[in-house]
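Reader: Can you walk me through this model? I want the strands, the core and the charged pairs.

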Amino acid sequence: MDIELIGVITQPTTIAIGRGIRELDHLTRAYGAGRWRKRKGMATVRLPNGSLCRAEVHWYEAHGIGRKEMKVKRVVEDRG
């Protein structure tokens with residue numbers, strides 16, 4: 001799902017690090033070696049249909065590589 005992040009991610013939390021990530025081999029092949037973390041947080045996002053909503057988002061990140069594969073896990077509040 002292509003989403004646009006509006007503002008900042010609040011309440012960022014690490015879910016898994018390194019070998020605890022099921023997709024670690026895929027991340028390393030696609031983006032390179034790094035200390036990969038799976039993270040989650042709350043953010044305002046614009047969905048592909050143009051609506052704004054507050055949602056729980058999950059993504060992967062590694063130092064020097066940045067955020068990759070951000071996705072909406074659940075919509076908390078629809079803002080139209």
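Author: What follows is a short exchange on those topics. This is a predicted model, where local features need pLDDT of at least 70, side-chain atom pairs count only at pLDDT 80 or more, and totals for chains, interfaces and linings use all residues. Residues are numbered from 1 along each chain as its sequence is written, and side-chain values use heavy atoms, with hydrogens and water left out.

Reader: In which sense do β2 and β3 pair?

Author: Antiparallel, over 10 bridges, with β2 spanning residues 37-46. Two strands pair if DSSP finds at least two bridges between them. Lys38 stands opposite Tyr60 in β3. Five residues sit between the two strands of this hairpin, and Gly50 in the turn has a positive phi of about 95°.

Reader: And β3 with β4, over how many bridges?

Author: Nine, again in the antiparallel sense, with β4 at residues 66-78. His58 has Lys71 in β4 as its bridge partner. That hairpin has three residues between the strands, and Gly64 there takes a positive phi near 85°.

Reader: Now the core. Which residues form the largest nonpolar one?

Author: It has 10 residues, among them Ile3, Ile9, Val45, Trp59 and Val72. A nonpolar core is a set of buried Ala, Val, Leu, Ile, Met, Phe, Trp, Tyr and Cys residues joined through side-chain atoms within 4.5 Å. β2 and β3 are the elements that give two or more residues to this core. β3 gives the most, with four.

Reader: What is Ile9 in contact with?

Author: Leaving aside neighbours within four places in sequence, Ile9 touches Gly41, Met42, Ala43, Trp59, Arg67 and Met70. Contact means heavy atoms within 4.5 Å.

Reader: Where does Arg67 lie relative to Trp59?

Author: Arg67 lies over the face of Trp59, at 5.8 Å from the ring centre. The test is NZ of Lys or CZ of Arg within 6 Å of the ring centre and within 35 degrees of the ring normal.

Reader: Switching topic. How many salt bridges?

Author: Four. The cut-off is a side-chain nitrogen of Lys or Arg within 4 Å of a carboxyl oxygen of Asp or Glu. One of them joins Glu4 and Arg46, with the closest N and O atoms 3.1 Å apart. Glu4 is in strand β1 (residues 4-17) and Arg46 in strand β2, so the pair ties together parts 42 residues apart in sequence.

Reader: Is Glu4 buried or partly exposed?

Author: Partly exposed, at 39% relative accessibility. Arg46 is partly exposed too, at 31%.

Reader: What about Glu61 and Arg39?

Author: Their side chains meet in a salt bridge at 3.2 Å, N to O. Glu61 is in strand β3 and Arg39 in strand β2, 22 residues apart. Glu61 is buried at 18%, and Arg39 counts as buried at 16%.

Reader: And which residue does Glu56 bridge to?

Author: Arg74, with the closest N and O atoms 2.8 Å apart. This pair links strands β3 and β4, 18 residues apart. Glu56 counts as buried at 12%, whereas Arg74 is partly exposed at 47%.

Methods:
Buried < 20%, exposed > 50% of the residue type's maximum accessible area, 1.4 Å probe, protein only.
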